[in-house]
Amino acid sequence: MATAAHLISSLPQLSPDVAKWVDSVRELTQPRAIHWCDGSDEEIRELTARLVREGELQTLNPDSFPGCHLSRSNPSDVARVEHLTYICTPNKEDAGPNNNWMDPAQAHTKMRDLFRGCMKDRTLYVVPYCMGPINSPLSRCGVEITDSPYVVINMSIMTRMGRPALERIAREGKFVRGLHSIGELDPERRFIMHFPHELSIESFGSGYGGNALLGKKCHALRIASWQARSEGWLAEHMLIVGLQNPQGETHYIACAFPSACGKTNLAMLIPPDSLPGWKVFTVGDDIAWLHPGADGRLWAINPESGYFGVVPGTNPETNRNAYDMIRRDTLFTNVAMTANNEPWWEGLTTGKPAVDWQGRPYDPARGPAAHPNSRFTVSAKRNPSYSHRSEDPQGVPISALVFGGRRREVAPLVYEARNWKHGVLVAASVASETTAANVGQTGVVRRDPMAMQPFCGYNFGDYWQHWLDVGAKLSKAPRIFHVNWFRRDAGGKFLWPGFGENLRVLDWVLRRCAGTVGANETAIGNLPVPADLNLQGLNVSADALQQLLAVEPGMWKKETAEIGKYLEQYGSRLPAEMTAQLQETARKLGA
Ligand code: GTP
Ligand code: SPV
Ligand code: MN
């Protein structure tokens, strides 16, 4: 077996810190072999072929889905596990009421016991990766050690993985350490631990998405949000999209919606035929790193290079781009399959499932055929609306920040915050119905500030202060908006058609940014005058529109009181400005 020490001489680009760390993990976990990932196509091809031979991956119909595979996870391992996810800071207060906390020394001991000998008879993969364009000063590198070849394949799509990342680490000397083992996939022996002050992550017992692809939520949000605070930027759960209007001007916006609330779909939106002249360019679908620029604007990069997207609901009517994108070179996780080996999921209007996501003959009595959190992993370059600005080392300038949640009532279709400070309150007040992206009950409304409840690596009180501080540095700060595509009528039907039609709302957002349209000033912020929304060719009744744009004082007084109660838990860490903004809203409501 090639030891790291041996490799130092053969790989001049290897950082001695990486070598030392890999050696110490080898000693702890006792793998059969070590594989240093170079990120080549050949490497991934061979790995995939091996997993197919071993029955870990299934090849999907090569005629209709060339290059596509299906992975079925352990049925107890299908989503993130927020209740088993910890922030381990020396001081408990720094993790905040928004996080589970464990003492770092205690957490390390616990994890060492789990990791000891866990890779016997397995290969240890060293996965060097770069979050962001490889030549961008805004990018950050990491190394994930894992015993899951499924994780390696995913990381090769989701990040800039391999040799160039290893070389950058050797140059910079700094990297995030992520140690991962699937262990026995036992939910009782599953923990996702973060040590922000050590720039390290330890994840055991899950092979799924955000628990296991450590570059994603663990690094690019939890650890990065901590780093961003000390360095003066923001790491956010946001899509980034460019919108070109019929006049040919392109503006970029970044939008934060909680998990499974429409980021990927908005990022690759298709303009409806009745809005001619618009074009959409996707920069990112899940994570944005936002940096104040020398010009006083906010600049965004997408640290990822692929999409780990929700499959159910994807069809040619809701999102033709996504539907086309995942017909080739895509890794599916936990979807169902038709009799001729095509992937199948709820929301598809063609084909029918023969086997369900667990590989059993499909029986509707056992629930949906595809798991509600089934996912596709695909390169961003497969997206028909892929933006080449995704590779721009400076990122793209942001005109608007849009927050939103999944709420059947209360929150109107769209409103604009009065200013940045009020916008921080609006963003911190996001509430949303829980989804299948986390294990646990779905459909329960909870607070999800900035869509970061599961992902902020430190105390939300400090985080909101940091947001206020960043805004104060921006002479051309983006305007802040709140949207809700999920408002329902009394019968439970969505009032707004969503998907491509959401562009009508974004059109209003951009005209607000340009200062070319007025608004109805209400207690909660500025709403569109109905006549200012471009609804040409859209079938939404005047009554539905009125419900969509309603701000009901009774409901909002109650909402404001609940927000106040929620914020109170942050005690002395809650910025006084947030309380002042909330009082202002309450005063305007006459509460
Ligand atoms: P994560 O990857 O978990 O962060 O999710 P996401 O925010 O990217 O959500 P995504 O775009 O994958 O959408 C999640 C679900 O919401 C899918 O089933 C979509 O079909 C559905 N959805 C997305 N946009 C809309 C919309 O505008 N209206 C309605 N009604 N449903 C939507
Ligand atoms: C989310 O849950 O917000 C996701 C999927 O984007 S995961 O990678 O599992 O976090
Ligand atoms: Mn997400």
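Are Phe481 and Trp508 buried or exposed? Both are buried, where buried means under 20% relative accessible area, exposed over 50%, and partly exposed in between (1.4 Å probe, protein chains only). Here are some notes to read alongside the structure.

1. **Ground rules.** This is a predicted model, in which local features need pLDDT of at least 70, side-chain atom pairs count only at pLDDT 80 or more, and totals for chains, interfaces and linings use all residues. Residues are numbered from 1 along each chain as its sequence is written, chains are lettered from A and ligands numbered from 1 in the order in which they are written, and side-chain values use heavy atoms, with hydrogens and water left out.

2. **Aromatic pairs.** Rings of Phe, Tyr and Trp (its six-membered ring) pair if their centres lie within 6.5 Å; planes under 30 degrees apart count as stacked, over 60 as edge-to-face and the rest as tilted. The count by this rule is 21 aromatic pairs. One of them joins Phe481 and Trp508 edge-to-face, with 6.2 Å from centre to centre and 80 degrees between the planes. This pair links distant parts of the chain, since Phe481 sits in strand β27 (residues 479–483) and Trp508 in helix α14 (residues 503–514), 27 residues apart. Helices (H or I, at least four residues) and strands (E, at least two) are DSSP runs, numbered from the N terminus.

3. Phe486 is buried at 12% relative accessible area, whereas Phe494 is partly exposed at 42%. Arg406 lies over the face of Phe486, 4.1 Å from the ring centre, and Arg488 lies over the face of Phe494 at 4.4 Å. A charge sits over a ring if NZ of Lys or CZ of Arg is within 6 Å of the ring centre and within 35 degrees of the ring normal.

4. **An aromatic cluster.** Look also for the cluster whose members include Phe403, Trp420, Tyr458 and Tyr570.

5. **Asp507.** Back in helix α14 you will find Asp507, which is buried with a relative accessible area of 10%. Leaving aside neighbours within four places in sequence, Asp507 is in contact (heavy atoms within 4.5 Å) with Trp278 and Asn534.

6. **Ligand 1.** This ligand is surrounded by 22 residues, the closest being Ala260, Lys263, Thr264, Asn265 and Arg375; a residue counts as near if one of its heavy atoms lies within 4 Å. An oxygen atom of ligand 1 is 2.8 Å from a polar backbone atom of Thr264, and a polar side-chain atom of Asp286 lies 3.1 Å from an oxygen atom of ligand 1. Taken alone, ligand 1 exposes 660 Å², of which the protein buries 91%. Accessible areas come from the Shrake-Rupley method with a 1.4 Å probe; for residues, only the protein chains shown count as cover.

7. **Ligand 2.** Among the residues around ligand 2 are Arg80, His237, Asp286 and Arg375. An oxygen atom of ligand 2 is 2.6 Å from a polar side-chain atom of Lys217 and one is 2.5 Å from a polar side-chain atom of Ser259. Ligand 2 alone exposes 280 Å², and the protein buries 97% of that.

8. **Helix α11.** In this helix (residues 316–325), the residues Asn319, Asn321, Ala322, Tyr323 and Met325 are buried. Their cover includes α10 (263–267), β18 (306–310) and β22 (375–379).

Note on methods
A polar contact is a pair of N or O atoms within 3.5 Å; within protein, one must be able to donate a hydrogen and the other to accept it, and residues adjacent in sequence count only if both atoms are side-chain atoms.
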